[in-house]
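Q: I would like to learn how to read a model of this kind feature by feature, with the general idea before the particular case. Could we go through it together?

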Amino acid sequence: MFGTQSTRDISFEFQSQIPNWRPSIYTRRANITVKFQDLYGFTVEGNVDDVNVLNEVREKVRQQGRVWWALEANKGANWYLQPQISSISEGIALKSSLKLSALTNTITLKRLIRKGIPPVLRPKVWFSLSGAAKKRSTVPESYYNDLTKAVEGKVTAATRQIDHDLPRTFPGHPWLDTSEGHATLRRVLVGYSFRDSDVGYCQGLNYVAALLLLVMKTEEDAFWMLAVLLENVLVNDCYTNNLSGCHVEQRVFKDLLAKKCPRIAAHLEALEFDVSLVATEWFLCLFSKSLPSETALRVWDVLFNEGAKVLFHVALAIFKMKEEELLLAHQVGDVINILQKTTHHLFDPEELLTVAFDKIGSMTTNTISKQRKKQEPAVMAELDQRLRRLNSLNEDDK
Amino acid sequence: MSRMLLSPFVKFLFLEGVEQNQKGEVVSEKQNKYKHRFPSSSLYLLPHISSIFLCNFSLHPPPSISSSLSGPADIDSMATIGHNNLNAKLVLLGDMGAGKSSLVLRFVKGQFLEFQESTIGAAFFSQTLAVNDATVKFEIWDTAGQERYHSLAPMYYRGAAAAIIVYDITSTESFARAKKWVQELQKQGNPNMVMALAGNKADLEDKRKVTAEEARVYAEENGLFFTETSAKTAVNVNDTFYEIAKRLPRAQPAQNPAGMVLVDRPAESSQAASCCS
Ligand SMILES: Nc1nc2c(ncn2[C@@H]2O[C@H](COP(=O)(O)OP(=O)(O)OP(=O)(O)O)[C@@H](O)[C@H]2O)c(=O)[nH]1
Ligand SMILES: [Mg+2]
């Protein structure tokens with residue numbers, strides 16, 4: 001047995017400090033800016049309204065926790081870890097009564113997850129729902145330890161870039177920005193870069209892995225979550241070579257915006273504002289850099305249960321929520337300001353997710369897959385053409 | 001827009017501008033129109049808030065008055081009434097870690113962070129400069145440097161009036177990368193684009209790998225404006241932007257291939273104010 005990394009728990013606990021405001025302060029609240037740590041240790045800055053929203057959110061998280069405990073009492077512990085209906089259709093033979101209960105569980109769980117997974121249950125629920133547990137079960141127990149041991153001390157282009165980015169990943173975070181935080185994040189990212197050398201290291205993954213570490217608490221679990229994300233949940237080639245998967249997603253997103261928010265799409269087109277200018281980062285960092293942490297994690301709750309289409313729902317919702325303001329914007333800078341203000345102050349996850357799932361309307365994974373298929377050839381042609389042009393530049397040079 | 005209402009802030013910003021730049025070129029900066037402001041010191045601590053759109057900072061106001069600067073004020077219009085107002089898209093390109101974001105942060109906010117978050121996709125900023133009798137409002141795209149993000153770059157340099165190609169004087173690799181960018185822009189960018197080559201981290205003289213002479217010769221051959229900068233010490237940072245502003249072609253037609261548009265800023269800003277307050 002190598003080391004103890006697999007069981008090494010990340011030792012941090014954040015006492016989030018949200019001040020309580022006395023009413024007398026309300027009168028001047030627009031002028032007060034406060035700094036405090038959120039549930040995951042990020043320093044947040046906002047005004048009193050934001051603080052109040054965050055307090056409400058914490059209360060809702062507590063209530064939601066009670067709903068989960070009640071269901072556990074009713075259906076048995078870990079009921080949510082039982083086979084989902086999707087895996088049943090894959091051919092696991094079950095008695096029809098069991099099928100029915102699995103179906104109701106699936107529906108209950110979907111609804112429940114859209115309302116949020118309590119932070120303490122996240123590691124367990126994510127690990128199971130995302131398929132990470134299944135992925136890990138297909139390799140020897142010691143896989144992660146063997147991997148980190150085997151790659152220790154190796155230097156590649158990827159490890160150099162990772163080392164460069166460690167202190168640049170959420171700098172100032174009370175755990176991530178410590179030598180222990182850096183070392184842990186490094187093992188996860190370096191390990192993955194060797195697991196999939198096509199991906200190696202792509203900037204953006206540092207933020208995703210960092211947030212996974214904060215949630216999962218165990219680095220091996222964070223590693224498997226990263227693996228399942230890149231290999232199963234997200235579209236292929238999001239982070240490889242020329243980010244072709246990311247280009248595909250952006251094109252699909254543009255089409256969806258035109259369909260779901262035609263007025264905004266037309267207006268932005270008239271301004272020659274390409275929505276990819278802002279949405280690229282959302283998709284590559286899975287909102288970890290743009291939304292407040294609890295809101296981003298609520299998006300991830302649904303992402304791991306329902307798949308990558310969730311990213312479209314959320315991105316569309318951000319535009320949709322600000323439709324009227326966006327229609328009044330006449331400059332690229334104004335559009336960006338509106339979107340920035342919106343994402344950075346979405347302290348209430350409910351506000352976002354309600355729009356994302358109720359107002360945007362349903363989109364099936366199937367239709368999204370079809371749209372991706374449709375866009376792939378165009379993306380490939382464009383990237384190919386670009387490459388040839390660049391190569392011809394080099395020829396000219398000689 | 002009421003001059004009375006804004007005057008204290010205008011004065012404040014002017015003073016700060018003078019302090020920021022001894023030549024006094026930074027006359028104003030577009031105000032953050034929003035309630036929630038993130039004073040300078042907090043940037044380091046705001047992982048979720050400091051990413052893609054760090055824009056429209058004011059010049060490090062003391063925290064005590066920063067929140068009172070909020071509201072739908074648009075200082076631009078104050079500084080620019082009756083002058084030529086130019087909007088210019090500017091893009092920063094260069095290797096990962098060369099210091100693109102740091103240069104922008106220094107220019108826009110007068111700050112330097114020992115550890116600057118790596119940029120994903122790109123980040124947008126804006127900053128206004130006065131040049132002679134006109135103002136130039138830079139709309140700055142700070143791009144991601146990792147090689148594989150290359151395929152996103154055209155989206156950011158398309159229609160740009162200016163580009164700063166940044167390399168790190170302590171890395172020959174980053175200089176080679178800078179040359180590639182120059183080449184690409186010469187072929188793919190706007191023919192009138194003003195290009196600057198910036199050898200950053202000039203404060204790290206003892207680790208220097210790229211000589212100023214070598215870079216200067218290359219820049220001359222390629223018709224670029226060359227400078228060595230330090231985002232850390234602020235050397236040549238504002239000057240570089242100022243020089244670019246001076247070199248931008250004037251009196252452009254409304255829609256032109258260089259991507260600059262003469263705008264009637266007072267009208268535009270009142271629209272902006274009404275939609276964002
Ligand atoms: N000594 C010194 N360090 C600098 C200077 N400019 C930037 N740095 C440091 O170099 C590192 C990278 O700087 P960034 O501004 O993030 O580089 P970038 O080009 O934006 O990098 P990407 O976003 O990854 O493409 C940071 O840790 C900075 O603190 C400088 O002038 N002098
Ligand atoms: Mg950067």
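Q: Where along chain A does N241(A) lie?
A: In this predicted model, N241(A) sits in the loop that runs between helix 11 (219–233) and helix 12 (244–260) of chain A. Its phi is near 20°, which is a positive value in a residue other than glycine.

Q: Is N241(A) buried or exposed?
A: The general idea is that a residue is called exposed when its relative accessible area is over 50%. N241(A) is exposed, since its relative accessible area is 57%.

Q: Which loop of chain B holds A234(B), and what is its phi?
A: A234(B) belongs to the loop between strand 6 (225–228) and helix 8 (237–247) of chain B, and its phi is positive, at about 80°, although the residue is not a glycine. With a relative accessible area of 32%, A234(B) is partly exposed.

Q: How many disulfides does a search of the whole structure find?
A: A disulfide is a covalent bond between the sulfur atoms of two cysteines. Over all chains, the search finds zero disulfides. For C246(A), the closest cysteine sulfur is that of C238(A), at 5.8 Å, which is too far for a bond, because a disulfide requires the two sulfur atoms to be within 2.5 Å. C285(A) is likewise in no disulfide, the nearest cysteine sulfur being that of C202(A), 8.9 Å away.

Q: Which residues are the protein donors of the magnesium ion (ligand 2)?
A: A donor here is an N, O or S atom within 2.8 Å of such a metal, and water is not among the atoms, so a site may look incomplete. The protein donors of the magnesium ion are S101(B), through OG, and T119(B), through OG1, lying 2.0 Å from the ion. S101(B) lies in helix 4 (residues 100–109) of chain B, whereas T119(B) lies in the loop between helix 4 and strand 2 (122–131) of chain B, so the pair ties together parts that are 18 residues apart in sequence. S101(B) counts as buried at 9% relative accessibility, and T119(B) counts as buried at 12%.

Q: What domains does the assignment give for chain A?
A: The domain assignment gives domain 1 (7–123), domain 2 (132–233) and domain 3 (244–385) of chain A. The centres of domain 2 and domain 3 of chain A, taken over C-alpha atoms, are separated by 26 Å, and the contact takes 10 residues from domain 2 and 11 residues from domain 3. Separately, an unreviewed UniProt entry lists residues 116–307 of chain A as "domain: Rab-GAP TBC". In the model that span is 66% helix and 0% strand, and its end C-alpha atoms lie 15 Å apart.

Q: Where in chain A does pLDDT stay under 50?
A: Where pLDDT is low, the predicted coordinates should not be read in detail. In chain A, pLDDT stays under 50 over residues 1–7, for which the model has 12 contacts beyond four places in sequence, and also over residues 21–27, for which the model has eight such contacts. For chain A as a whole, the mean pLDDT is 87, and 86% of its residues reach 70 or more.

Definitions and conventions
Residues numbered from 1 in each chain as written. Chains lettered and ligands numbered in written order. Predicted model: local features only at pLDDT ≥ 70, side-chain atom pairs only at ≥ 80, totals over all residues. Heavy atoms only, no water. Donors = N, O, S within 2.8 Å, 3.2 Å for Na, K, Ca; no water. Helix = DSSP H or I, 4+ residues; strand = E, 2+ residues; numbered from the N terminus. Buried < 20%, exposed > 50% of the residue type's maximum accessible area, 1.4 Å probe, protein only. UniProt positions renumbered as here; feature names shortened; annotations may be inferred. pLDDT = per-residue confidence, 0-100. Contact = heavy atoms within 4.5 Å. Domains from an automatic or database assignment.
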